[in-house]
Amino acid sequence: MKLPAIILSLALLPSTVLAADTSCQSDKYHQYIDASLSWYQSLVDIAVKKNPSLQEVGDWFLEGRKHHFELNREAVDWYLENDTDKLALSQPIESWLKLTQQDVKALSQQDNALGHMAKLSFDDRQSQPHPKNYELRSAFADLLTHPGDIDQPLNMYNEKMTAIAAIECD
């Protein structure tokens with residue numbers, strides 16, 4: 001009776017290790033997404049604080065960033081479970097996933113959570129930019145040329161990214 005239990009345990013071990021690795025990779029990528037969204041939120045908050053007339057375009061910009069990053073979160077999870085060949089897991093985390101416009105368009109045709117996120121992101125890419133988009137981008141450029149204005153959120157982002165990069169999934 002013990003021998004079949006041991007054989008079964010050994011047979012299940014690789015799939016258990018793979019599931020743990022996939023879970024670690026997913027968690028690592030989720031942390032990257034959360035850090036990125038937090039960084040963009042901080043950037044918009046600072047720009048709007050300096051120029052309150054940018055609130056609407058800032059909200060529009062953040063909505064597009066959320067759609068983009070949530071699509072990537074969903075896509076990485078899907079590819080981790082179904083086709084890891086589509087992921088460059090040996091690269092820095094921001095390079096794990098490369099979705100072309102054609103990939104996003106194809107994914108947007110699926111009737112599942114990934115397809116829904118792809119549709120939102122694809123529609124964002126096809127829509128007209130907000131009338132104040134250039135003004136917001138100029139405000140971002142101004143912030144980035146004055147690092148003291150963004151020092152705290154940039155340091156927080158860099159610290160999070162360093163911690164995320166240190167996570168090793170085996």
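A pocket here is an open set of points, on a 1 Å grid over the protein atoms alone, with protein on both sides within 12 Å along at least five of seven lines, and its lining residues have an atom within 4 Å of a point. Helices are DSSP runs (H or I, at least four residues), strands are DSSP runs too (E, at least two), and both are numbered from the N terminus.

Before going further, a word on what you are viewing. This is a predicted model, in which local features need pLDDT of at least 70 and side-chain atom pairs count only at pLDDT 80 or more, while totals for chains, interfaces and linings use all residues. Residues are numbered from 1 along each chain as its sequence is written, and side-chain values use heavy atoms, with hydrogens and water left out.

Back to the second largest pocket, which has a volume of about 210 Å³. Such a volume is the space filled by probe spheres set on the grid points, which are joined across faces, edges and corners. Of its 14 lining residues, K28, L89, Q91, W96 and I167 are the closest to the centre. The lining divides into 8 nonpolar, 3 polar and 3 charged residues. In this count Ala, Val, Leu, Ile, Met, Phe, Trp, Tyr, Cys and Pro are nonpolar, Asp, Glu, Lys and Arg are charged, and the others, Gly among them, are polar.

A salt bridge needs a side-chain nitrogen of Lys or Arg within 4 Å of a carboxyl oxygen of Asp or Glu. Leaving aside neighbours within four places in sequence, K28 is in contact (heavy atoms within 4.5 Å) with I93, W96, I164, A165, I167 and C169.

Helices α1 and α6 turn up again at the largest cavity, where each supplies at least two residues of the lining. A cavity is a set of points where a 1.4 Å probe fits but cannot get out. The search of the whole structure finds 1 cavity of 30 Å³ or more, and about 40 Å³ of space lies in the largest cavity. Its lining is made of A35, S38, W39, S42, P153, M156, Y157 and K160, or 5 nonpolar, 2 polar and 1 charged.

Now turn to the largest pocket, which holds about 260 Å³ of space. Helices α2 (55–82) and α4 (113–126) are the elements that give it two or more lining residues, and α2 gives the most, with 6 residues. The residues around this pocket include W60, F61, R65, H68, D124 and R137. By type, the lining divides into 2 nonpolar, 4 polar and 5 charged.

What about charged pairs? Side chains of opposite charge can pair when their charged atoms come close. The whole structure has 4 salt bridges. In one of them, the side chains of D34 and R73 meet at 2.8 Å, N to O. This pair links distant parts of the chain, with D34 in helix α1 and R73 in helix α2, 39 residues apart. D34 is partly exposed, with a relative accessible area of 42%, whereas R73 is buried at 13%. D34 and R73 also belong, with E70, to a network of salt bridges.

Another salt bridge joins D149 and K50 (3.1 Å, N to O). D149 lies in helix α6 and K50 in helix α1, so this pair ties together parts that are 99 residues apart in sequence. D149 counts as partly exposed, at 34% relative accessibility. The side chains of K119 and D123 also meet in a salt bridge (3.1 Å, N to O); both residues lie in helix α4, 4 residues apart, about one turn of the helix.

Finally, step back to the whole chain. The protein chain has 6 helices and 0 strands. Of its 170 residues, 35% count as buried. Among contacts between residues at least 6 apart in sequence, 75% join residues at least 24 apart.

Technical notes:
Buried means under 20% relative accessible area, exposed over 50%, partly exposed in between (1.4 Å probe, protein chains only).
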